[in-house]
Amino acid sequence: MQALAEALKTNNTLQDLKLCACELGDDAITLLADGLRQNAGLQKLNLSYNFFTTDTMQGMQVLAEVLKTNKTLQNLKLCGCELGDDAITLLADGLRQNAGLRKLDLKKNLLAANGVKNIARALKENDGPEVLCLDVNHITADGVKALSDSETLFENNSLQDLDLSCNIFTEDASQGMQALAEVLKTNKVLQDLNLRCCELGDDAITLLTDGLRQNAGLRKLDLKKNLLAANGVKNIARALKENDGLEVLIIDSHSKCTDFDLRVLTDAVAQDRSLKELTIRYKKPNTFICGLELSDIVEILEGFKTTGLQPLARLSRSSQSKFDNFKSSN
């Protein structure tokens, strides 16, 4: 690592460095950071799956110091490094003063509410990061509320992609979604919001759609693998009628739902002039899609033709074959 660090001090052509799962400890990260201080060419650094945060957190501390002065690094990946709130707080301190980072990937760590608060404060002061990946952490509704209530997303003018997927927001999910909805009402920069697999029920989704109605910037919303049922779908449909910006919507219904009905979306899609991709998945036994018969699907998709829209309904290969055979025989 010392030889690599020395090379980084003078090499300005290397742009992408991957050191994943190399069993790097604090000493190795300290040496690497020494090289990064003088480096003027590296744009991407991937240190994922290295458990370099000991009790002293020396590795994270020196990495944070590098971020304060380094202006060339644009993409930093620290996935699966078992980083907790204390380590993230150190990282956020460096992020506050950083002038170059565009993407920060912290997926599969141990990030909770306090860590999110410090990341939020850093984003409030730093208008550089465009992509923030916080998926598969320990973020609850308190964390989402902290990210929203801190006015981070109200004041930040750069963040375009926020991934909060696979964080279980628990029974207080509605509080987090209410705060996020308030952000969506005024934020015009955020384009991609991923809330996949967060155990969001109809109440939480309804609050979120209240913000979606007034939003003018979001282009993609992923709500796959939540607990969406009929009422949530109806509120999504109402939001689509008023929202003219969303281009990609990904949803599915909870498998226990018995009254999920695709028809509530058709009227909304017919009036929508921005939606380009609609993905609906439903895993209910003995049904084709969303509990509807093949004849219903034909009727719905034929109705799209009169709108001039070309929505995309993604079906599995077997389902597509059944659909094609049914349509050709009727």
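Modeller: Strand S1 (16–18) and helix H2 (26–38) are among the elements that cover the buried residues of H1, where helices (H or I, at least four residues) and strands (E, at least two) are DSSP runs numbered from the N terminus. This is a predicted model, in which local features need pLDDT of at least 70 and side-chain atom pairs count only at pLDDT 80 or more, while totals for chains, interfaces and linings use all residues. Residues are numbered from 1 along each chain as its sequence is written, and side-chain values use heavy atoms, with hydrogens and water left out.

Within H1 (residues 2–10), the buried positions are Ala5, Leu8 and Lys9, buried meaning under 20% relative accessible area, exposed over 50% and partly exposed in between (1.4 Å probe, protein chains only). Seen down the axis of H1, these buried residues fall within an arc of 105°, so they line one face of the helix; the arc is that of the directions from the helix axis to the C-beta atoms. Ala3 and Thr10 are exposed on the other side of H1.

As for the packing against H2, the two helices meet at an angle of about 5°, with their axes 7 Å apart; axes are lines fitted to C-alpha atoms, for helices over the stretch in contact, and angles run from 0 to 180 degrees between N-to-C directions. H1 is therefore roughly parallel to H2, a term for angles under 35 degrees. Gln2, Leu4, Ala5, Leu8 and Lys9 of H1 make the contact with Leu31, Leu32, Asp34, Gly35, Leu36 and Gln38 of H2, contact meaning heavy atoms within 4.5 Å.

Methods. Parallel < 35°, antiparallel > 145°, perpendicular 65-115°, else oblique.
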